[in-house]
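Take a look at the structure first, then read on.

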Amino acid sequence: MSHLPSVLARRPILTALLTAFHSSGSADFALTYTTAPTWPLAGARTNGAPRIAILDSSFNPPTLAHRALLLHTLRRTDPPTDFDAALLLFSTTNADKQPSGTGPVERVMMMELAARTMASEISPRALAVGVTKHARFVDKAEAILRSLASSSSVTPELYFIMGLDTILRLFSPKYYPGTTVVQALGPFFARSKVVCADRAGVQEEEAVRFWAGEEVKEFDGRVGRVEIPEEARELSSTRAREAVRRGEWEEVERIVGKEVAQFVKDEGLYAV
Ligand SMILES: Nc1ncnc2c1ncn2[C@@H]1O[C@H](COP(=O)(O)OP(=O)(O)OP(=O)(O)O)[C@@H](O)[C@H]1O
Ligand SMILES: NC(=O)c1ccc[n+]([C@@H]2O[C@H](COP(=O)(O)O)[C@@H](O)[C@H]2O)c1
């Protein structure tokens, strides 16, 4: 069954929602779609803090690597963890880049498309799509926790999934002027954990240096690992955009899957 018609019908609602979110002085986290109205409470566990696996990405466009990161985190992390819910999260600001490629409405439409194609594999856990205005993980975590505490009195444990290139930037001092990395990340790691996947393109020595470093050791037990299949490791949004520009639609489909590829083609995204 194609999810495209349902997502295309969402455009006016999403446009209004994102405009209101953008102009609100106070909102810094909002959900656009959930598979269960009680998200994040749809899992089997009934006691303890609900655990939410969060895939934060620019989704420019969503790829099958993003899908693999989320599904493999839910199935086998080291150490093994039971999750109650999952969240695809998009930030309207990025820590390093100016917005380019596509606007927020198309990004969220593609995220919702990806979410609908994954929902049955994630079930019985609840899956949501959300947006935040924050670029740094420390601020994203705070916004999500604050929002859930005010709307549902739930205090979940957040697990941020990221590739090695991103965990290197989470621990980079350039994002925390006026303080040390350990001080800046202390409150974040008190309530959240990180699940990290190796990423093609990161130099071996840089990876070895990072894992042996004092800063990551400071948060021992708060950083887990996940492996994704070989074929997903080399996929990236950049490669998908380049394949669109070359008009190689089979390659685009191999990187992003059938439905997102169709959306990108129909909407004329990334063509120039
Ligand atoms: N193939 C992959 N292997 C491991 N981690 C990945 C992979 N693709 C994306 N990630 C991770 O997923 C998160 C979101 O990725 P992001 O949105 O930056 O995708 P991207 O493909 O790197 O995008 P772009 O090519 O536009 O820079 C990041 O933490 C990134 O490290
Ligand atoms: N120190 C940090 O918290 C930090 C550093 C770099 C990127 N990020 C975020 O990671 C996500 C992925 O970033 P890229 O799209 O640049 O790969 C974005 O939301 C970005 O803002 C966070």
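An oxygen atom of ligand 1 lies 2.4 Å from an N or O atom in the side chain of Thr 238. That is a polar contact, meaning a pair of N or O atoms within 3.5 Å; within protein, one atom must be able to donate a hydrogen and the other to accept it, and residues adjacent in sequence count only if both atoms are side-chain atoms. The protein covers 92% of the 600 Å² of accessible area that ligand 1 has on its own. Accessible areas come from the Shrake-Rupley method with a 1.4 Å probe; for residues, only the protein chains shown count as cover.

This is a predicted model: local features need pLDDT of at least 70, side-chain atom pairs count only at pLDDT 80 or more, and totals for chains, interfaces and linings use all residues. Residues are numbered from 1 along each chain as its sequence is written, chains are lettered from A and ligands numbered from 1 in the order in which they are written, and side-chain values use heavy atoms, with hydrogens and water left out.

**Around ligand 1**

Ligand 1 has 21 residues around it. A residue counts as near if one of its heavy atoms lies within 4 Å of the molecule. Ser 57, Asp 165, Arg 199, Ser 237 and Thr 238 come nearest. By class, this shell holds six nonpolar, eight polar and seven charged residues. Here Ala, Val, Leu, Ile, Met, Phe, Trp, Tyr, Cys and Pro count as nonpolar, Asp, Glu, Lys and Arg as charged, and the others, Gly among them, as polar.

**Around ligand 2**

The shell of ligand 2 has 16 residues. Ser 58, Ala 95, Ala 135, Lys 140 and Arg 169 are the closest. Six are nonpolar, four polar and six charged. Helix H6 (residues 164–170) gives the most to this shell, with three residues. Helix H5 (137–152) and H6 each supply at least two. Helices (H or I, at least four residues) and strands (E, at least two) are DSSP runs, numbered from the N terminus.

| Ligand atom | Protein atom | Distance |
|---|---|---|
| Ligand 1, oxygen | Arg 199, polar side-chain atom | 2.8 Å |
| Ligand 1, nitrogen | Arg 233, polar backbone atom | 2.9 Å |
| Ligand 2, oxygen | Ala 135, backbone N or O atom | 2.9 Å |
| Ligand 2, oxygen | Phe 137, polar backbone atom | 2.9 Å |
| Ligand 2, oxygen | Lys 140, side-chain N or O atom | 2.7 Å |

Taken alone, ligand 2 exposes 490 Å², and the protein buries 92% of that.

**The pocket**

On a 1 Å grid over the protein atoms alone, a cavity is a set of points where a 1.4 Å probe fits but cannot get out, and a pocket is an open set with protein on both sides within 12 Å along at least five of seven lines; lining residues have an atom within 4 Å of a point.

The largest pocket holds about 1100 Å³ of space. Its lining counts 49 residues, and Ser 57, Ser 58, Asn 94, Lys 97 and Arg 169 are the closest to its centre. The lining has 19 nonpolar, 18 polar and twelve charged residues. H6 supplies the largest share, four residues.

**Backbone details**

Two cis peptide bonds can be pointed out. One joins Asn 60 and Pro 61, with omega about 5°. Pro 61 is in the loop between strand S2 (51–56) and H3. Phe 59 is found in that loop between S2 and H3, and its phi is near 45°, a positive value in a residue other than glycine. The other joins Ser 123 and Pro 124, with omega about 10°.

Key:
Grid points are joined across faces, edges and corners, and a volume is the space filled by probe spheres set on the points.
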